[in-house]
Amino acid sequence: MNPIFIDIKEFPQRMQEYKDLKGMDFLRELIGMDWGEEGLGVIYILENSDTHENLEIAIKTTDREHPTLPTVCHLWSVAELYEREVYDFFGIHFTDHPDMRRLFLRNDWVGYPLRKDYDESEAINPVRMESEITEDVQREYEIKEEAELKKINAQTNRISGDQYVINIGPQHPATHGVLRFRLALEGEEIRKIDIHCGYIHRGIEKMSEKLTYPQILGLTDRLDYLSAHQNRHALCMCIEKAMGIEVTDRTQYIRTIMDELQRIDSHLLFLSCAAMDLGAITAFIYGFRDREKILDIFEEVTGGRLIQNYNTIGGVQADITPGFAKKVKEYCEYQKSKIKEYNDVFTNNIITQLRMKGVGRITLDDAISYGCTGGTGRASGWACDVRKRHPYAIYDKVEFKEIIYKRGDCYDRFKVRIDEIKESIHIIEQIIDNIPEGDYKVKTKPIIRIPEGQYTAAVEGSRGEFGVFIESHGEKSPYRIKFRPMGLPLIAAMHKILKGTKIADLIAIGATLDYVIPDIDR
Amino acid sequence: MYNFEIITSAIDHFLHSVMPAQLAVITECVLIAVCTLVAYVAFAIVMIFMERKVCAAFQCRLGPTRVGFWGLLQVFADVFKMLIKEIISINNSDSLLYRLAPYLVVLSSILTFSCLPFDKGLQVLDFNVGVFFLMAASSFGVLGILLAGWSSNNKFSMIGAMRSGAQMISYELSIGLCMLTMVVLSGTMQISEIVEQQVDGWFIFKGHLPAVVAFIIYLIAGNAETNRAPFDLPEAESELTAGYHTEYSGMHFGFFYVAEFMNLFIVAGIASTLFLGGWTPLYIKGFDSFNAIMDYIPGIVWFLGKTFFLIWVLMWFRWTFPRLRVDHVPTLEWKYMVPIGLVNLLIMTICVVMNWIF
């Protein structure tokens, strides 16, 4: 990967051109970088949603005291949260950004953790015993003539004092983890929404800069624990690509089957939790009953049920067990017969349809602009499946349909997942009998070093595109590693679709967007 | 046919023979209160156990199995746990109303419970405007819920209470219309007499179409009155964590919990009284030996059998349907159920006037 460096002055215009003339309407990644002496910067990976052509842009500034870069959030809406993340970790101000607050860390955090000169001593950032005061004031910045920062609009309130404000989260049954929505209500209707992330931020990207590559593998399963296989697959692929390792066909087949099983597992959990959130507890139990069978298969092959740690650099940890193919085939048959049951008990229920149809619509343009990949994007009519866009493993050799719906409401998002379960079963059935003989793992060097350069890899995770970006300086550990979160774009889109809906709709929308918090927070 | 009045009047005579009249009345009152409360709690325990087992069956689970044989002692363990839990008081809550609310809810529920005719002569409250009293008593339960939400000083509770208020007051109307329909059919408001009239045929058969419509509307509205799924918006756990009783703990919470279960029993009990003939056995004209066998089954068994069948149906609803959204609830009531109920009442009146009933 070789990003094109663009000068700050030309930057806004060039980006506008890329978007308008070249049709680069999907911002795949926005990666904050600290190149030490060379300055701070941002790498943008753009994609044309029709031709799937990619473009890497980079921009940097040498000013470490007040680094300022122009925003792109008017071009790609998702950049609003991405840029807040970069501000949080690198201290780069984005001019004309409407809401330049920290995204994950507390407002009183000192320093910017992902900078290379960050002081980690505990004296600077002790464990704070008092609770964080919620900032209701948003700040905008613009550059004055002397290239100095000036605060403008410092008094624009996001949520003013006289509104009926409730917190959904951080501990709430329907947020599926520790995410906090601050809602300003009028009756039951949502007027304003402010999303606070970071309650489960573990600094995985920061930790990774000190760990060796095999050690980092262990952390990927803990990002989105419902696409543990895919996450790890992406990182292994990226490292293998960088080191020039060719994995065997057997590995590719095993990885594909495991990815698809993981996808079914995640979708089953999705639809049972969606049912639970809408109050249908029986459907919830049905989903979990069937998911248990996949977990049993995982346990037999990998030793783990939720976190499997199965993929490894150059292959997989252990060969599949002798009864694996038989069990998987049995499971596929079983699962096919159960999908009708979910539809009978939940999907076709009149109340479910009332709750879901027409609620929380995301238009195609919004889906692309917010980068909502995965089932959410496909429900809005965007063909965004990485397995089709940039095939990896053996997805170009199997035949499967990309499920696409048009309306983009909760109901379509729900249906996409149900249909995808069928497609995943279809994929598995095609290859389960033809797993080629061979080694399940190729030999690698005992110490893994990646040659200098920047590398990316992406897989279709259970809920969207999961990407890995590695910048290596030839060491045992990466100089910078960035995981593309699947959930953050979904959260960003919530801002837009929630206004004017009811509290109950928030629950339905949150359930069908299908985010997993540890993936958002990393 | 059994008549429970033989036993009650025997006790009455006995008490009057051993003590002065006034003391006898007081003793009877105490006896009745104790019996009612014991029955109330006993039914609550049966219902909680039943709910667990029924729900487990629907969900392909086993339900409680560890405590006692077949999990029979589970409910007792739960009640014991709830009794020894601390009742937490909340800062800045309206302390009097906060404490009063659960008692209001449970009081309303007990009063309504006393109106149920378990068997011939086995009924605590029975007078000529029985149906009227029953509606009045069941209506003020919503007051307790509103107070609970208001006094807790919690925003979730507040929203839950408001939802509950809007919902229960609306659905009260449908319940009233259905009861009125049956009052038109029977021509009396006295509950014992309503049951008495069904000896030669349950009202759901006598009143044919309008009675069936009223029965269905009553079941839906009754489900809404008990705040159970699909109408459990006031305590929608995925939206409002626990709604109006978020801040309650220990036995205060227990009161809400028990009252909710007993309201379910009461709704089913009233439905079986008004539509399925209460304690009257099932007779089929012409099958004399069959009818004679039916006579051997005591009335209380008939009543409880019908009631628990309806409870089972309502539990089936509860564990199958997802939750309605807050704006669907009034829509269903005001756009569909009230107009249908009114028309149904008119049809019933015409049927009665024209004597088109069986």
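In this predicted model, the buried residues of helix H8 of chain A are Val328(A), Gln335(A), Tyr342(A), Val345(A), Phe346(A) and Thr347(A). Within chain A, its buried residues pack against helix H6 (249-277), helix H7 (281-302), helix H9 (350-356) and helix H13 (410-431). Helix H14 (299-320) of chain B also takes part in this packing.

Eight of its eight residues are buried, so S3(A) is largely enclosed by the rest of the structure. Leu40(A), Val42(A), Tyr44(A) and Leu46(A) point one way. Gly41(A), Ile43(A), Ile45(A) and Glu47(A) point the other way.

S3(A) has antiparallel partners. Eight bridges join it to strand S2 (residues 26-34) of chain A, with Leu30(A) partnered by Tyr44(A). The S2(A)-S3(A) hairpin has five residues between the strands, and Gly36(A) takes a positive phi near 65°. Strand S4 (residues 54-61) of chain A also pairs with S3(A) over eight bridges. Here Tyr44(A) stands opposite Ile57(A). Six residues separate S3(A) and S4(A) in their hairpin, where His52(A) in the turn has a positive phi of about 60°.

Another part of chain A holds an open, antiparallel sheet of three strands, in the order S9-S10-S11. Strands S9 (164-168) and S11 (189-196) stand at the edges, each with a single partner strand, so one side of each is left without a neighbour in the sheet. Neighbouring strands of this sheet are turned by 25° against each other on average, direction ignored. Five bridges pair S9(A) with strand S10 (residues 180-186) of chain A. Among the paired residues, Ile168(A) has Phe181(A) as its bridge partner.

Definitions and conventions: Residues are numbered from 1 along each chain as its sequence is written. Chains are lettered from A and ligands numbered from 1 in the order in which they are written. This is a predicted model: local features need pLDDT of at least 70, side-chain atom pairs count only at pLDDT 80 or more; totals for chains, interfaces and linings use all residues. A residue is buried if 20 or more other C-beta atoms lie within 10 Å of its own, exposed if 12 or fewer, and partly exposed in between; C-beta atoms are placed from the backbone. Helices (H or I, at least four residues) and strands (E, at least two) are DSSP runs, numbered from the N terminus. Two residues are in contact if their C-beta atoms, placed from the backbone, lie within 7 Å. Two strands pair if DSSP finds at least two bridges between them. Axes are lines fitted to C-alpha atoms, for helices over the stretch in contact, and angles run from 0 to 180 degrees between N-to-C directions.
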